[in-house]
Every structure is written in structure tokens, then in C-alpha cells.
Amino acid sequence: MKKIFLLSGTLLFLTLCLFITKWTESTPKPIPFTPAPETAPSTYTPNESFPPTDRSIYKDGLVPEYQGVLNELPFASMYEIKFNIADDLYHITGNETVIYTNAEDIELKEVKFRLFANILGGEMHVDEVTVNDEVIIPNYSLNDSLLTVPLKTPIKPKESITLSMDFNLTVPQTVELNYGVQAYYEDVLALAHAFPMIAVYDDEGWNAEIPPQSGDVTYADMSFFLVTVDAPKGVTLVGSGREISRQESGSRQMVKYEAGPVRDFYLAASPEYEVFTKESNGVTLRFYTRDYLQEGAESALDVAARAIEVYGKRYAPYPYTELDFVSTPTYALGIEYPGMIAITEWIIQPGEDYLEGTVAHEVGHQWFYNLVGNDQLDDPWLDESITQFATLQYFTDEYGQAGNQGFRQDMEGRWANIGKEEIPIGLPVKDYNDAEYSGIIYGRGGLFFESLRNEMGSEIFDVFMKDYVQNNSWDIATPKKLKSEAEAHCGCNLTPLFEKWIYP
Ligand SMILES: [Zn+2]
């Protein structure tokens with residue numbers, strides 16, 4: 001996400017300056033997954049009643065280089081969700097069935113879901129959860145954003161259970177809260193994090209907290225989604241992943257999507273959307289926005305295609321066959337979702353100072369946030385700072401030394417806004433105020449990677465970046481992993497550099 005500032009730019013590049021924005025029914029039975037006989041690696045011992053599911057439906061959404069991942073990720077959650085969007089476009093009912101597998105080596109006595117709507121200005125409720133045919137009344141905490149399902153029988157390591165629930169959701173009709181990531185406003189429905197999402201279990205246990213308002217809200221594992229959206233026929237629907245079927249009946253339409261592996265499922269809808277399309281190296285890029293923004297949308301798609309090429313060469317190929325942009329009335333400039341990017345409407349003008357940097361940055365998140373995941377609340381530098389550095393590489397590769405200087409100055413400028421204070425980059429979002437978050441995570445943090453490259457030597461650094469992305473693809477990276485992989489590449493001790501920049 002690039003959100004707590006505007007970019008004030010010139011000519012080719014962007015000058016980023018600090019700007020603090022205000023923060024702020026019918027539920028048919030889900031269709032069961034078809035079990036598949038044999039896709040898991042040998043380390044996986046499937047539970048007989050919940051064998052690994054057939055993932056072939058996800059193949060066409062991935063470029064050939066990545067299709068092999070469908071035989072990996074044995075522990076990835078398999079979601080099947082139905083959203084029923086009322087005619088007013090902000091009342092939603094739905095149901096969700098998820099196959100959850102215990103990837104830990106201990107038994108789990110509960111499963112935790114995030115109901116982010118309840119801290120984003122909306123309202124979401126689940127009355128009961130069915131676990132392997134048994135009805136369980138869940139507990140709510142963290143301002144109703146955490147739903148805990150106590151299990152009568154703990155899940156053993158590598159065992160799977162099926163949980164299903166109905167939910168209802170009222171979407172806020174304002175963008176004053178939460179940057180409008182989840183909002184129905186000016187005829188656009190932006191539906192981020194709108195389903196009960198399983199929290200990450202990591203070395204801290206179930207990892208859940210109320211996200212600080214300045215950063216991204218989710219921390220999620222790779223999952224697979226089959227999502228059906230039942231909505232009024234007059235709106236154009238745009239979902240993560242790939243549309244696999246479409247039906248119309250009376251005044252309604254029913255559209256089904258597959259997405260996976262991805263860390264989230266995002267949906268946008270509007271009666272105003274027109275679509276502009278570009279094909280580039282096996283990826284279909286689409287921009288859904290109002291028709292009078294065609295020129296800006298097409299210019300954004302050109303930037304996106306070039307950014308995919310730069311990051312593809314420097315890090316790894318873009319994983320999916322589609323990348324969709326939508327314009328939304330968000331207070332952020334842009335927000336990343338897996339295979340989708342929301343761009344705020346007012347910057348979608350050709351030559352608009354903020355457009356190129358925002359698009360290049362958000363496309364970079366497809367590598368750093370989605371493909372390589374991280375705890376966005378505890379280690380924001382692992383997605384935001386590295387994406388700023390990726391954006392610097394985009395401007396360097398596209399415009400040479402002048403591009404490098406332009407974007408470098410933007411990062412310097414952000415840091416200068418807080419007097420170039422040497423505040424560590426490695427703090428959780430909650431430890432920064434808004435100005436520090438911009439200055440350190442988007443300014444100093446991007447510059448750290450230049451220092452790292454100088455320390456390692458640029459040839460070794462380039463190999464390290466490729467290997468870092470490859471080694472951590474579809475997984476969660478940590479600061480420790482990044483440091484030890486960098487040290488393994490340079491055969492050097494990076495502790496002094498990390499002590500200067502990352503940790504106090
Ligand atoms: Zn970002």
C-alpha cells in the first residue's frame with residue numbers, strides 16, 4: 001500500500017512528500033471440493049476423511065513457470081466462499097467453507113479467524129461455525145475482529161478439518177475510515193478482507209492483533225479460493241484470480257472466480273466500470289475505471305507491463321496470467337492485493353505526477369507481500385521498504401541515472417521530512433507515528449537496500465535478490481532469513497550494517 005502521502009512530482013519522476021491523510025440473502029450450500037488422489041509431496045500424510053483437494057482448476061491462472069506449485073503447499077487453506085450482494089450494494093450475506101490443515105508440529109485446540117470488517121468501519125457477524133458437522137458457538141475478541149473457534153477435538157499435526165459458517169456484512173458508506181479499503185462510495189464497492197480469514201499461526205502462536213491505522217491490516221498464508229459472487233446484473237464485478245463461469249438470471253448475475261495460491265481475495269464492483277486491456281508477455285492486464293479515464297488507465301497499463309518486465313528480469317517471473325487494476329475512491333494512492341491493485345481515481349491521468357510511481361510500487365508488491373509474504377504489522381520493511389527499492393530499480397532500468405536520481409531523491413526527501421533521524425527500520429508499524437512511518441519505512445528503508453548492495457557488491461547483491469525471492473516464494477520471509485541469506489551470498493558479516501539501519 002502506498003497511502004500516507006501524496007507524491008509531488010516533476011517531469012519523469014516523482015517527488016514523494018509527506019502528506020498524512022485522515023484515517024481513519026441467500027446462503028446456498030457450498031459446493032464441495034472434488035478430492036484429488038495424488039498431488040501432495042511425500043512428506044504430507046493426508047487424513048483419510050479430508051484428502052488434499054484437486055487444484056487443477058487453478059492451473060490456468062498461473063503462468064507455466066509456476067504451475068508446479070500446485071503440487072506443493074500441502075498445508076494451504078482451501079476456501080470456498082459465496083458473496084450475495086444486495087441491490088443496495090452494501091449489504092452482503094455469504095457463506096464460507098474452508099479446509100484448514102494443521103501445519104504445526106503440535107495439536108491445535110482452536111482455529112482463529114479475522115473479521116477485519118469490524119475494525120474497518122463495517123460490521124460482520126458469524127453466529128455459529130460448523131466443524132466436521134458439529135456446531136460450535138465462537139468467541140469474539142479484539143473489538144470483534146477476532147473470532148475464535150474452540151474445537152471439541154484438537155487438530156493433530158498434518159490433519160485437516162472443514163469449517164463452515166454463514167456471515168453477514170454491512171459495508172461502510174464512507175471512505176473516512178480505513179482509507180476506504182472496504183467501502184461503498186460514489187458507486188464503487190471496494191471489498192477488501194471481506195470474508196472470515198484464518199489468522200497465521202507462527203512462532204508467536206496464533207498471530208492476531210488490532211492493526212495500527214498507518215499500515216496494511218493483513219498477515220496471511222498462501223491459500224486457494226473458489227468464490228461465487230451473486231450480485232445485481234447492472235454492475236461490473238472484478239475479483240482476484242480468474243473468472244471461471246458466469247450466469248445471469250432475471251436482475252441478477254452469478255460469477256465464479258478461482259484464485260490461488262494467493263494471500264487474500266479482493267473484489268470490486270461498480271455500474272460505472274469500463275474495461276481497458278493490454279496483453280504483455282503472457283499476462284493479461286486490465287484496468288476497470290470510468291470511461292473518461294481511458295487515457296490514464298492505458299498509460300497505467302503501459303507502466304505495469306514495463307514494471308512486470310523489470311521485476312521479472314531482476315527477481316522472478318510474475319506468477320499469474322492476469323493482473324487487474326480498479327479505480328476506487330480510496331484515500332491511499334494505491335493498494336496492493338494478490339493479482340489486483342486498487343488505484344485512487346484522481347491520479348489516473350496521463351502524465352499525472354503520481355501515477356507512474358504508484359503503479360510501479362504497487363506492481364512491486366506482487367513480489368514483496370504476495371509472492372514473498374511477511375508479517376506486515378511486525379516487519380513492514382520486508383514489504384514496503386523493499387518495494388520502494390524495487391521501484392527505484394524500475395526507475396533506474398527505465399530511465400537510467402536520471403531515473404535513479406529522481407526516485408532516490410524522493411526517498412531522501414521523505415526521510416528528510418523527519419530530519420533524517422536514524423530511527424531503526426526494523427520496528428513494528430505500531431512503534432512509528434505517521435510521519436516516522438513514511439520517513440523511515442518508505443524513505444530510509446528503501447535507502448537501506450542501496451547500502452546493502454554497496455556492502456555486498458552489486459553483482460552478488462543481484463544474485464541474492466533473485467535467490468531471496470525464489471527461496472521465499474509462496475512462503476513467509478523474516479528479517480532473520482533475509483539477513484542470513486544475504487550473508488551466505490556475500491560471505492560477510494552484515495551485523496554492523498543491520499545494527500546501523502535495522503535494529504536499535
Ligand atoms: Zn506499498
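Two strands count as paired when DSSP finds at least two bridges between them; strands (E, at least two residues) and helices (H or I, at least four) are DSSP runs numbered from the N terminus. This is a predicted model, with pLDDT of at least 70 needed for local features and 80 or more for side-chain atom pairs, while totals for chains, interfaces and linings use all residues. Residues are numbered from 1 along each chain as its sequence is written, and side-chain values use heavy atoms, leaving out hydrogens and water.

**View A. The open sheet E9-E10-E5-E14.** Four strands line up here in that order, with antiparallel pairing. The edges are E9 (139–141) and E14 (197–198), each pairing on one side only. E9 and E10 (residues 146–155) are joined by three bridges; Ser-141 has Leu-146 as its bridge partner in E10.

**View B. The open sheet E12-E13-E21-E18.** Again we have four strands, paired antiparallel. E12 (182–185) and E18 (236–239) each have a single partner strand, so one side of each lacks a neighbour in the sheet. E13 (residues 188–191) and E21 (residues 267–270) run antiparallel and share three bridges, with Leu-189 partnered by Ala-269 in E21.

**View C. Helix H3 meets helix H5.** The axes (lines fitted to C-alpha atoms over the stretch in contact, with angles from 0 to 180 degrees between N-to-C directions) of H3 (residues 384–416) and H5 (residues 458–472) come within 14 Å and cross at roughly 125 degrees. On the contact list (heavy atoms within 4.5 Å), Ile-386, Phe-389 and Gln-393 of H3 meet Phe-461, Asp-462, Met-465 and Tyr-468 of H5.
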